Amino acid sequence: MIRSGEPSIAELMAQLAANAAEIAALKAEKEALSARVIKLEEELALAQLHRFAPRSEKHVDRLFNEAEQVADEDDAGDEHGDLVDLPDTGFPPTEKPQGKKRGRKPLPEHLPRERVEYDLADDQKACPCCRYQMHRMGEAVTEQLHIEVKAKVLQNVRFKYACRHCDRTGINTPVVLAPMPTQPLPGSIATASTLAFALVHKYVDGTPLYRLAQAFERAGVPVSRGALGHWVIGSSERHLSRIYDALKLRLRSQPLIHGDETTVQVLKEKDREATSTSFMWSGEDSNEPIMLLDYQPGRGQIYPQAFLGEYRGILMSDGYSAWRTLEGATHLGCMAHSRRRFVDALKIRKKGGGPPEQALKFFEQLYRIESQARNEKLDKGETQADCIRRFRQQHSVPILNALKAWLDDIAPKVLPDTKLGDAVSYTLNQWEYLTRYTEDGRMPIDNNLLERDIRIFATGRKSWLFSDTVDGARASAVVYSLMLTCRASRVEPLAWLRHVLTELPQRAVDANIDDMLPFNFAKAATAA
């Protein structure tokens, strides 16, 4: 019998079901919040490491507390299964690298020497023992580096000629003025050498224009920041863009291109806020050293398509999908991007070891194989590319197969919103692109070549922070491209800029300028 006012059995069951659903929802919310906390703690720890700790990604030289390492070995191995051994492919064991020799290097032999002699006074040349006159037995020579920065004014004196006979007898008296070479910026006070000096300081040394103006002021040469900006944009638009366009045509014709993108902020950009992010798209060729940056206002797929056009060669890039929209290219993934995610996962572990350590052992072996492959002895009739492919097939493929099996095993066991989960999912998602390099000896394992060279742009960006105008951003893209190409070609950028800004204004717009490309300039300098 159910008393009046008491809930029925159906109502109690409904209430229990509602409570159970609420408890389940709270548990799910708790798990989501716990995962969120773990993710935020990892990001905070990694941000603190990026800010305060060294940035090195080296693995074999990491230092551990030995007692803690031994005590935690079992725990690290049991977290996601036992650690696995790498397959034996006959590759030689790791050799301990030799330490670098310490000590100061001697000053370069090619620098001119100026003797500064120091002698004893005449009254000090008597022997302190017997007071007889001493003779000079030799000399002690030490060398110091002495640098002077001097500015001077070039007076361009053009002689005028007139005809006295026409002056006496004619109606008009012709005046003929001696010509002078076309200047890089007509009407400007800057010579080619001055322009090269300013461009190198901004785009090689990362000096903002306002600091460069201050340096000119300290040297007693008042040059405004605005004038420096006109020098940069004028040099780029009038002359250096011709070199850039020639390099771009060559880049698109190369069999292998490295591609990447990085951010840049432009304050005065039409229809966009000053805080909007723009991008420098970059491509690099490793045969003829060409490194190009291309300013674009966004990161969409239209920009790499505009940059590389209908490219049909091999394209190495990170996992960003916009590069993969180039349908005619053969796409490669960057192994360094995958490895870097496991490095981050290892950095935030309090005790080290565990799955990130295991993954890095795989990567370490893969990179050791790459280093050795380029020194492998060629078989009879074998090309370098064929030799590298054969070596990779023998040693890299078994390591990659073992890595794939290990990743498939731990993938269900790791939290997806953690650094380790991100590293595992990224590697598995990109696996087809990451492993394609083993099919062709021409293909690189990663994009480190481009990332190394683009670092100069990223370092300079920390100093100048943003570009004021779109024209300035485009000029920066051109000049940075040429400076990075000089670096890759082992060409001294100041000497190259002086030569180009002196010679290029003398050539017609449709003239051949192949001899001025940085890698050809290097060959000409070597031949001379």
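**Exercise 1. Work out how H8 and H9 pack in this predicted model, and which residues make the contact.**

Solution. Start with the geometry: the axes of helix H8 (residues 335–347) and helix H9 (residues 354–373) come within 9 Å and cross at roughly 150°. Angles over 145 degrees count as roughly antiparallel, so that's the label for this pair. Next, the handedness: H8 and H9 make a left-handed crossing.

Now list who touches whom. On the H8 side you'll find Met335, Ala336, Ser338, Arg339, Phe342, Val343, Ala345 and Leu346. They meet Pro356, Glu357, Ala359, Leu360, Phe363, Leu366 and Tyr367 of H9. Sort that contact by class and you get 12 nonpolar, 1 polar and 2 charged residues.

**Exercise 2. Find the angle and handedness for H4 and H5, then classify the pair.**

Solution. Take helix H4 (residues 192–203) and helix H5 (residues 209–218): their axes sit 10 Å apart, at an angle of about 135°. The two helices are therefore oblique to each other. As for handedness, H4 passes H5 in a right-handed crossing.

Then look at the contact itself. H4 brings Phe197, Ala198, His201 and Lys202, while H5 answers with Leu209, Leu212 and Phe216. By class, that contact holds 5 nonpolar, 1 polar and 1 charged residues.

**Exercise 3. Which residues of H11 are buried, and which helices do they pack against?**

Solution. Walk along helix H11 (residues 419–429) and pick out the buried positions: Leu420, Gly421, Ala423, Val424, Tyr426 and Thr427. Then check what lies against them. The buried residues of H11 pack against H8, H9, helix H10 (384–410) and helix H12 (431–434).

**Exercise 4. Is Ser241 buried or exposed, and what does its side chain reach?**

Solution. Ser241 lies in helix H6 (residues 225–252). With 18% relative accessibility, Ser241 falls under the 20% cut-off and so counts as buried. Follow the side chain of Ser241 and you get to the backbone oxygen of Glu237, at 3.1 Å. Leave aside the neighbours within four places in sequence, and Ser241 is in contact with Ser236 and Val478.

**Exercise 5. Look at phi for Arg131 and Arg490, and say where each residue sits.**

Solution. Begin with the background: most residues other than glycine have a negative phi. Arg131 isn't a glycine, but has a positive phi of about 70°. The residue sits in the loop between helix H2 (66–78) and strand E1 (160–162). Its relative accessibility is 56%, so Arg131 counts as exposed.

Now turn to Arg490, whose phi is near 60°, again a positive value in a residue other than glycine. Arg490 is in the loop between helix H14 (470–488) and helix H15 (493–503). Arg490 is exposed too, with a relative accessible area of 79%.

How values were computed:
Residues numbered from 1 in each chain as written. Predicted model: local features only at pLDDT ≥ 70, side-chain atom pairs only at ≥ 80, totals over all residues. Heavy atoms only, no water. Axes fitted to C-alpha atoms, helices over the stretch in contact; angles between N-to-C directions. Helix = DSSP H or I, 4+ residues; strand = E, 2+ residues; numbered from the N terminus. Parallel < 35°, antiparallel > 145°, perpendicular 65-115°, else oblique. Left-handed = near helix turned anticlockwise from the far one by under 90°. Contact = heavy atoms within 4.5 Å. Nonpolar A, V, L, I, M, F, W, Y, C, P; charged D, E, K, R; others polar. Buried < 20%, exposed > 50% of the residue type's maximum accessible area, 1.4 Å probe, protein only. Polar contact = N/O pair within 3.5 Å; in protein donor to acceptor, adjacent residues only side chain to side chain.
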